[in-house]
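Please examine the sequence and the model shown below.

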Amino acid sequence: MLSLSKELEHSLVYSGKEYGIDLSFDAVLRWYEMMEETDLTSFEKAEIGFEIFFHSCALDINLLVSSTELIAKYIQQKPYGNLASNSGQNVLEPTKYYSYTQDAEAIYASFLGQYGIDLVDSQGKLHWDKFKALLDGLNDDTYFKRIISVRVKETNGLEGKELTNLIEAQEYYMLDENRSAETQEAKLTDVFNALKTKAQS
């Protein structure tokens, strides 16, 4: 998560050794896309994730487990909405209304229009923390935010042409897959548990 008093994260320390991490926004987005792959095992996902962030293969299973879990937690940090349940665990995030993959063109156009930032040219340069802060700060009149407003708008109280137009727009901009945060968290938990089991064997 972005801090105005600390440097951006670019490394991880494990067993007294420092490892450089690629936390550019496109590396993180490749990781998210890879996590959606259904034909990869949990261990394969962890190995590929390590290669994405460290640009090398993990020779130590314990490093693989620790780094994967730490990076996953880090990139999913958010400044707001971190409500705690009675058990002390974070409440699951609400349903996601956007996809980094499906909404890529809208995100690109919105960054270029509002900030003058070409995300294609910024690959490998723009840090994930900066990308997230800028994404969250997009104005409501940007292409990306307009799409989200269509997806979240309630149909209650609407009728006639207004209702028809909203329903058609929601169908047009509907996400191919709108998995719940609970499913996403379960997938990550499965990966971590599989890795820990392998490390202990």
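The sections that follow describe this structure from its overall make-up to individual residues.

## Basis of the model

This is a predicted model, in which local features need pLDDT of at least 70 and side-chain atom pairs count only at pLDDT 80 or more, while totals for chains, interfaces and linings use all residues. Residues are numbered from 1 along each chain as its sequence is written, and side-chain values use heavy atoms, with hydrogens and water left out.

## Overall fold

The protein contains 8 helices and 2 strands, where helices (H or I, at least four residues) and strands (E, at least two) are DSSP runs numbered from the N terminus. Along the sequence the elements follow the pattern β-β-α-α-α-α-α-α-α-α.

Of the 201 residues, 33% are buried; buried denotes under 20% relative accessible area, exposed over 50%, and partly exposed the range in between (1.4 Å probe, protein chains only). Among contacts (heavy atoms within 4.5 Å) with a separation of 6 or more, 62% join residues 24 or more positions apart.

## The strand hairpin

Strand 1 (11–14) and strand 2 (residues 17–20) pair in the antiparallel sense over 4 bridges; pairing requires that DSSP find at least two bridges between the strands. Tyr 14 has Lys 17 in strand 2 as its bridge partner.

The hairpin has 2 residues between the strands. Ser 15 lies in this loop and has a positive phi near 50°, although Ser 15 is a residue other than glycine. Its relative accessibility is 68%, so Ser 15 counts as exposed.

## The nonpolar core

A nonpolar core is a set of buried Ala, Val, Leu, Ile, Met, Phe, Trp, Tyr and Cys residues joined through side-chain atoms within 4.5 Å. The largest one here has 36 residues, and those with the most contacts inside it are Phe 53, Phe 131 and Leu 135. Two or more residues of this core come from each of strand 1, helix 1 (25–35), helix 2, helix 3, helix 4 (104–115), helix 5 (128–136) and helix 6 (143–152). Helix 1 gives the largest share, 7 residues.

Helix 1 is mostly covered, with 8 of its 11 residues buried; among them are Phe 25, Val 28, Leu 29, Trp 31 and Met 35, and also Asp 26. Beyond its neighbours within four places in sequence, Leu 135 is in contact with Tyr 98, Tyr 100, Ile 107, Phe 111, Phe 144 and Lys 145.

The structure holds 1 cavity of 30 Å³ or more. A cavity is a set of points, on a 1 Å grid over the protein atoms alone, where a 1.4 Å probe fits but cannot get out, and lining residues have an atom within 4 Å of a point. Grid points are joined across faces, edges and corners, and a volume is the space filled by probe spheres set on the points.

Helix 2 (42–54) and helix 3 (61–75) each supply at least two lining residues, and the largest share, 5 residues, comes from helix 2. The lining divides into 7 nonpolar, 3 polar and no charged residues, with Ala, Val, Leu, Ile, Met, Phe, Trp, Tyr, Cys and Pro counted as nonpolar, Asp, Glu, Lys and Arg as charged, and the others, Gly among them, as polar.

His 55 is found in the loop between helix 2 and helix 3. Although His 55 is not a glycine, its phi is positive, at about 55°. His 55 is exposed, with a relative accessible area of 57%.

Notes. On a 1 Å grid over the protein atoms alone, a cavity is a set of points where a 1.4 Å probe fits but cannot get out, and a pocket is an open set with protein on both sides within 12 Å along at least five of seven lines; lining residues have an atom within 4 Å of a point.
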